[in-house]
Amino acid sequence: MILVLPDSIAQTQLACDKHALKILSCIVARQVIQVAKWRSAEHRKGEPNTLEEVRREYAHVHWKELNAITGNHAQVMRELVKERLVEVNSRYSNRQGASFTKSYRLHPNCWNDGLILANLKQRKTRRKSKMRSGVFTPSHESASYWLDSFDLPEDLLQEYEIVCSNSKWPDLQRAAIAEINQKVWWRKVDGNGRFHTPFTNLNKQLRVMLCCDGSGVVGFDFRNFQPALLTLYPNNRIAIVIPTDEQDFYCSLCKSGTLYDFMLQETNHSTRDEVKVEFLKMLNDKNHRMQRMDVWKVFTRHFPTYSRLVQEIKKHDHRAMATFLQQLELEIMFGDVISRFRELTLDRSPFFTCHDSIYTLKQSRNLLHQSMMETIQTRKIPTVLEQEGDDSITCNQPSIYATMNQLNLRLSL
């Protein structure tokens with residue numbers, strides 16, 4: 001079991017108490033993820049400027065989660081408080097209907113600690129995937145059914161640490177890794193039908209390290225997917241006719257997966273990823289903000305009619321674009337791709353999704369590729385598939401993780 005812990009844990013008497021370590025990891029991971037959700041809702045990107053912004057957050061942990069770790073969680077929590085590792089919120093949420101009677105955070109003594117990944121050796125137990133919300137279709141139910149088949153091998157801890165360290169928000173990736181080791185999982189279908197799980201928060205490089213019964217995974221996603229979906233906007237909603245030459249040029253860039261590369265040449269951005277982030281923000285932001293972006297200026301110069309379409313879609317409500325794109329993505333992924341894949345595999349091949357990406361066992365890659373290509377052709381989507389994961393990922397690497405008795409030794413990267 002992989003945990004995320006403050007590095008000062010090694011100097012305390014609880015360094016070898018597995019229940020204390022699991023509870024502490026649960027609190028630390030929840031703090032980070034709650035802040036990440038808040039920043040996302042506020043449209044704030046990347047890592048917080050200070051550790052305090054995360055560490056001062058109280059984590060809402062249901063008593064049932066603590067009880068799943070140990071029936072004596074109250075005593076363990078008292079020990080964590082005594083060791084000044086955890087601070088309990090003095091304000092109770094004991095109003096009628098409240099889900100959390102108490103909340104917790106790292107003690108201020110630990111606010112400047114770095115977070116590390118550590119492996120707690122224990123017998124494997126099946127996850128209890130009971131936390132769910134939203135309206136589930138049969139395809140959502142199928143995707144939910146296979147979730148427990150996938151896990152991160154515990155013997156690749158150093159590789160995970162390297163990926164985390166190189167990510168935009170290292171602690172968020174460490175928290176995401178720890179979260180998929182929780183016994184109590186969550187899965188959610190949002191208002192637009194998008195399926196969210198702990199895998200959704202994982203870095204792409206970590207997702208391809210997931211394994212299923214000793215087998216590695218391979219995934220595919222649609223390149224330039226949201227820009228490509230713009231070409232499928234129904235003509236009966238907005239009466240704008242795209243000139244043939246403009247449509248052909250735009251579709252050719254999307255179909256070759258080079259739209260962002262093309263726009264990179266005429267903006268001040270230094271990488272393709274920066275262009276992608278701003279382009280997607282452009283599609284979803286309010287029109288008056290969108291028009292100040294470098295990417296928008298390039299877009300409207302080369303694709304003036306498409307730029308009119310974007311403005312018209314968001315004229316009265318900028319959220320209309322996100323609704324259109326996400327609902328169409330749902331139809332394509334869960335209505336077409338997954339349905340085809342389940343039929344081709346007789347519903348016997350495990351898979352999981354992450355928005356416009358889908359992953360399965362390596363031996364099923366050809367059937368997954370076929371399902372997605374048939375969808376592209378049927379829907380006439382100007383896109384191309386990109387494979388994620390390869391045969392170099394294995395599930396039986398030498399054990400190079402940090403054990404509980406080695407927490408004082410930071411991983412040397």
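Reader: How many disulfides does a search of the whole structure find?
Author: This is a predicted model. A disulfide is a covalent bond between the sulfur atoms of two cysteines. Here a pair of cysteine sulfur atoms would have to lie within 2.5 Å. Searching the whole structure, the number of disulfides found is zero.

Reader: How far away is the nearest cysteine sulfur to that of cysteine 254, and which cysteine does it belong to?
Author: Cysteine 254 is in no disulfide. The cut-off for a pair of sulfur atoms is 2.5 Å. The nearest cysteine sulfur is 6.4 Å away, and it belongs to cysteine 251.

Reader: Is cysteine 254 buried or exposed?
Author: A residue counts as buried under 20% relative accessible area. Cysteine 254 has a relative accessibility of 0%, so it counts as buried.

Reader: Which residues of helix 10 are buried, and why do they line one face?
Author: The buried residues of helix 10 are Glu246, Tyr250, Cys251, Leu253 and Cys254. Viewed down the axis of helix 10, these buried residues fall within an arc of 160 degrees, so they line one face of the helix. On the other side of helix 10, the exposed residues are Thr244, Asp245 and Lys255. The arc that holds the buried residues is 160 degrees.

Reader: How far apart are the end C-alpha atoms of helix 10?
Author: Helix 10 has 13 residues, 244-256, and at 1.5 Å a residue it should span 18 Å. Just after helix 10, glycine 257 takes a positive phi of about 75 degrees.

Reader: At what angle do helix 12 and helix 14 pack, and which residues make the contact?
Author: Helix 12 and helix 14 have axes 9 Å apart and pack at about 75 degrees. That makes helix 12 roughly perpendicular to helix 14. On helix 12 the contact is made by Val275, Glu278, Phe279 and Met282, and on helix 14 by Asp294, Val295, Trp296 and Phe299.

Reader: Where is alanine 175, and which residues does it touch?
Author: Alanine 175 lies in helix 7 (residues 170-179), and its relative accessible area of 1% makes it buried. Cysteine 164, eleven residues apart from alanine 175 in sequence, is 9.8 Å from it in space, C-alpha to C-alpha. Leaving out residues up to four places away in sequence, alanine 175 touches Val4, Ala29, Val32 and Ile33.

Key: Residues numbered from 1 in each chain as written. Predicted model: local features only at pLDDT ≥ 70, side-chain atom pairs only at ≥ 80, totals over all residues. Heavy atoms only, no water. Helix = DSSP H or I, 4+ residues; strand = E, 2+ residues; numbered from the N terminus. Expected span 1.5 Å × (residues − 1). Buried < 20%, exposed > 50% of the residue type's maximum accessible area, 1.4 Å probe, protein only. Arc of directions from axis to C-beta. Axes fitted to C-alpha atoms, helices over the stretch in contact; angles between N-to-C directions. Parallel < 35°, antiparallel > 145°, perpendicular 65-115°, else oblique. Contact = heavy atoms within 4.5 Å.
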